[in-house]
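Visitor: I'm new to looking at protein structures. Could you walk me through one and show me how to read it?

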Amino acid sequence: MPRRGLPLQGRVRWLLLGIFLLLVLLFFAYLLECTPPADVSHVLPGIGGEPYGKEYYQALLQEQEERHLSRAASLKRQIAQLKQELQEMNDKLKTLQEKKESPGPQGLVDGKDQEPGDLLEFLHSQIDKAEVSTGARLPNEYALVPFESFTTMKVYQLEMGLTRHPEEKPVRKDRRDELVEVIEAGLDVINNPDEEDGQEDDMPMQRQTFTESHFVEGLYRTERDKGTLYELYFAKEDSHEFRHVTLFRPFGPLMKVRSTSVDTASTIINIIVPLSGRTEAFVQFLHNFREVCIQQDKRVHLTVVYFGEEGLQEVKSSLGKMSSEEGFTNYTLIPVDEEFSRGRGLDIGAHAWKKGSDVLMFFCDVDIYFTLEFLSTCRLNTAPGKRVFYPVVFSLYNPAIVYGNLELLPPIEHQLIHKKDAGFWRDFGFGMTCQYRSDFLNIGGFDLEVKGWGVEDVHLYRKYLRSDLIVMRTPVSGLFHLWHEKLCADELTPEQYRMCIQSKAMNEASHSHLGMLVFREEIENHLRKQAYKTQSRGED
């Protein structure tokens, strides 16, 4: 009996085959419809099958430009909004400063219940960390971040690397604009004072108008976790009264910390010089002292602590001659029959002061040359019970190497330049310092057990770093260490001897000049070969 499902299965197969053929035909029709003609194969089709023209691409570019302009306008609106918010925040900070009851940043920090709250507390906590009012206790001499000093024309910097120089003009526009902004902000603070701006003893200041020409000098330093602190000094011409403005940028807009008047007219500096031998150097020192201290500043006392008998009469004679010629009697000579110790000499000189309970002291060496401007810097950066000043001296190299190409060495006054081949910032030395006698005595003075070279200065420096006093450290343009041959005695301890040798090596010449000395023989051989070749060509 035949099966009834077989015809049905056959019809299904033919139906599926027909559908498949129909799909193939449709696919070929689609390909024929979408394939471009051969004569326009290199032309992009338009919407109506025509190629795009120049107008289309111009319209496309116009649309793209409008999109970019719209994006730029949006960014500008966002920037303007951020600036407005920043200005509103500054206005709030200014309002809070005007409402505070007492001057100084502490009054602001105490107002924790005032707006803008957490931000204000953070900004002023940064001021506290930046050693504006009190010093931070530091573990050693390497922890202190030194200041850099600047005038309207130059910046004196410690970090030089291989390309920067000890004295530079602020060539980079961003740096120049930063310093100009700071000076202008300081002038605005002085010329538009708040009620609390006054002298440090809360005496009101006489209203005066200052300009950029009255800017004397500035110091600044940046600490990565705090911000940038600026100390600015202004003064009228031929005036001993300075205006001191402190500004702080806590990684944000400038904030005024305080503005005070500093009168240095009656501030005497007691320059203390420990000495043993070196009588020729002392004559040169007195020449500088006479020109700067006696003839110009006239507010200085000189204390010389002399060790030993040899050369003592020459020192007495030199002081007597200066006294008779200049009518100068503000000096003290203290003979000491002991082995030379710099710390011991400075300690004797500090305790010998009898003209009052306190005095500003400058610990000096006979090889130091200083200017009138340095004496002002010494006065401005010290305050009893608050600040001690450790300037970084510019140490001059051996003039016989620096000026070896000249027949005669230039006079010392012409050697006082801040050039990389002329000298370096002596940032490892802590012997030159300005500090009040009361601070020196309260801190405990020098470690008198240390004799010889170098270490006692570092010990005293570390004492101040670990105290509550602010240690001001910055390169100073008006303070030079004159080159002299250095002898390292066999009696020194290994640590002292190492420091002495290090100082001796760094004192001699710059990297490039030392390189020329090391390769002198190679250079001379080259010159001889060149001369021989030239002579041979001439004979041919």
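Guide: Let's go through this one feature by feature, starting with the overall picture.

Guide: One thing to keep in mind is that this is a predicted model.

Visitor: Okay. How many helices and strands does the chain have?

Guide: There are 16 helices and 16 strands. The chain runs to 540 residues, and 43% of them count as buried. If you take the contacts with a separation of 6 or more, 71% of them join residues 24 or more positions apart.

Visitor: Now the helices. How do I describe two that pack together?

Guide: The general idea is that you give the angle between the two axes and the distance between the axes. Here, look at α6 (residues 279-297) and α9 (residues 372-380): the angle is about 75° and the axes are 9 Å apart. Angles of 65 to 115 degrees count as roughly perpendicular, and α6 and α9 are therefore roughly perpendicular to each other.

Visitor: Which residues make the contact between α6 and α9?

Guide: From α6 you get Val 292, Cys 293, Gln 296 and Asp 297, and from α9 come Leu 372, Leu 375 and Arg 379. Sorted by type, the residues of this contact are four nonpolar, one polar and two charged.

Visitor: How many of the residues of α9 are buried?

Guide: Seven of the nine are, so α9 is largely enclosed by the rest of the structure. The buried ones are Phe 374, Leu 375, Ser 376, Thr 377, Cys 378, Arg 379 and Leu 380.

Visitor: And what is the count of buried residues in α16?

Guide: That count is zero among its 20 residues, and α16 is hardly covered. This helix covers residues 520-539 and reaches 29 Å from first C-alpha to last, close to the 28 Å expected at 1.5 Å a residue.

Visitor: What about the nonpolar residues?

Guide: In soluble globular proteins, nonpolar side chains tend to be buried together. In this model the largest nonpolar core has 51 residues. Those with the most contacts inside it are Ile 271, Phe 285, Phe 289, Phe 362, Phe 370 and Phe 374. Helix α6 gives the most to this core, with eight residues.

Visitor: Pick one of those. What is Phe 289 in contact with?

Guide: Leaving aside neighbours within four places in sequence, Phe 289 is in contact with Ile 271, Ile 294, Val 300, Leu 302, Met 322, Phe 328 and Phe 370. There's also a second, separate core of 23 residues, and among them are Leu 138, Ala 350, Leu 465 and Leu 469.

Conventions:
Residues numbered from 1 in each chain as written. Predicted model: local features only at pLDDT ≥ 70, side-chain atom pairs only at ≥ 80, totals over all residues. Heavy atoms only, no water. Axes fitted to C-alpha atoms, helices over the stretch in contact; angles between N-to-C directions. Helix = DSSP H or I, 4+ residues; strand = E, 2+ residues; numbered from the N terminus. Parallel < 35°, antiparallel > 145°, perpendicular 65-115°, else oblique. Contact = heavy atoms within 4.5 Å. Nonpolar A, V, L, I, M, F, W, Y, C, P; charged D, E, K, R; others polar. Expected span 1.5 Å × (residues − 1). Buried < 20%, exposed > 50% of the residue type's maximum accessible area, 1.4 Å probe, protein only. Core = buried A, V, L, I, M, F, W, Y, C linked by side-chain atoms within 4.5 Å.
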